[in-house]
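Hello,

Here is the structure I promised to pass on. My notes follow below it.

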Amino acid sequence: MPSSSQHNFCSAGHDELLARYTLHSRTDILFQLRAIQKRKLLVNLDLLNSRQIIVTSVLAVNETRNTLILDSARGDALNQELMSGKGAEFIAQLDGVSISFATGPVTWCKYEGLPALRIALPTSLIRLQRREHFRVPMPIANPVMCIVPSADSDADPITTHLVDIGCGGVAIAETSGRLGPATGRILPDCRLLLPESDTIVTSLEVRNSAQIRLPNGVFQTRLGCQFVNLPNDMAAKLQRFVMDIERARRNSL
């Protein structure tokens with residue numbers, strides 16, 4: 001179960017939170033993008049409606065032409081998919097802070113004589129520090145499962161469902177009593193079975209726990225967990241999933 005501050009993130013207005021961590025100042029946006037370019041940081045381009053994630057880098061930030069030049073993808077098929085008009089989600093990590101925005105159309109160009117990709121400079125971008133990752137509640141009607149290996153290697157894994165999810169962690173719940181309430185432990189090799197996405201495998205650190213009595217009298221164990229050493233490619237998939245859930249929630253209002 002999330003802590004009180006995390007719960008506030010889940011319930012006290014996701015739109016306000018997105019607005020709080022969205023940069024609109026052109027000066028600030030250029031500063032962030034130039035820092036990514038100068039440090040030669042890796043960038044993930046998460047293709048919309050696809051399981052493909054393309055790793056690239058920022059070659060140039062051209063304020064005059066209002067363009068951002070990226071290294072081309074390895075493979076003609078990936079480049080063609082990028083330029084299909086669907087766009088992608090630009091995701092990078094700068095000093096432990098997640099920088100993301102929707103690219104809009106991607107076009108082919110040449111940079112210093114070599115193939116490259118061109119997108120428009122974003123008019124806004126989301127800048128989320130890890131501690132600021134808000135949680136989104138998961139739909140009850142279609143629960144998303146998290147499979148936790150049992151501490152007893154001979155026992156079956158523990159099937160839990162996600163209560164909420166964010167880029168920093170999850171809250172998981174189950175009613176068998178097998179999870180246990182202890183905090184501070186690491187649950188290794190947990191599998192998040194995200195719909196329409198590859199399974200995310202990660203270790204979870206249990207930060208808080210609660211025993212909740214459900215209306216039918218059954219006790220449910222809820223654990224608030226933090227991701228441990230989540231690989232960059234899986235972090236990108238997770239961030240895309242979280243943003244998709246949030247957009248779907250806002251569109252349903």
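Notes on helix H3 and the rest of the chain

The buried residues of H3 are Ile29, Leu30, Gln32, Leu33, Ala35 and Ile36, where buried means under 20% relative accessible area, exposed over 50%, and partly exposed in between (1.4 Å probe, protein chains only). Please bear in mind that this is a predicted model, in which local features need pLDDT of at least 70, side-chain atom pairs count only at pLDDT 80 or more, and totals for chains, interfaces and linings use all residues. Residues are numbered from 1 along each chain as its sequence is written, and side-chain values use heavy atoms, with hydrogens and water left out.

Just after H3, lysine 40 has a positive phi of about 55 degrees.

Overall, the protein chain has five helices and 17 strands; these are DSSP runs numbered from the N terminus, with helices being H or I of at least four residues and strands E of at least two. Of its 253 residues, 46% count as buried.

I also looked at leucine 59, which sits in strand E4 (residues 58-62). Leucine 59 counts as partly exposed because its relative accessibility is 25%. Its C-alpha atom is 5.4 Å from that of isoleucine 69, 10 residues away along the chain. Beyond neighbours within four places in sequence, leucine 59 is in contact (heavy atoms within 4.5 Å) with Gln37, Ile69, Leu70, Asp71, Tyr111 and Ala116.

Best wishes
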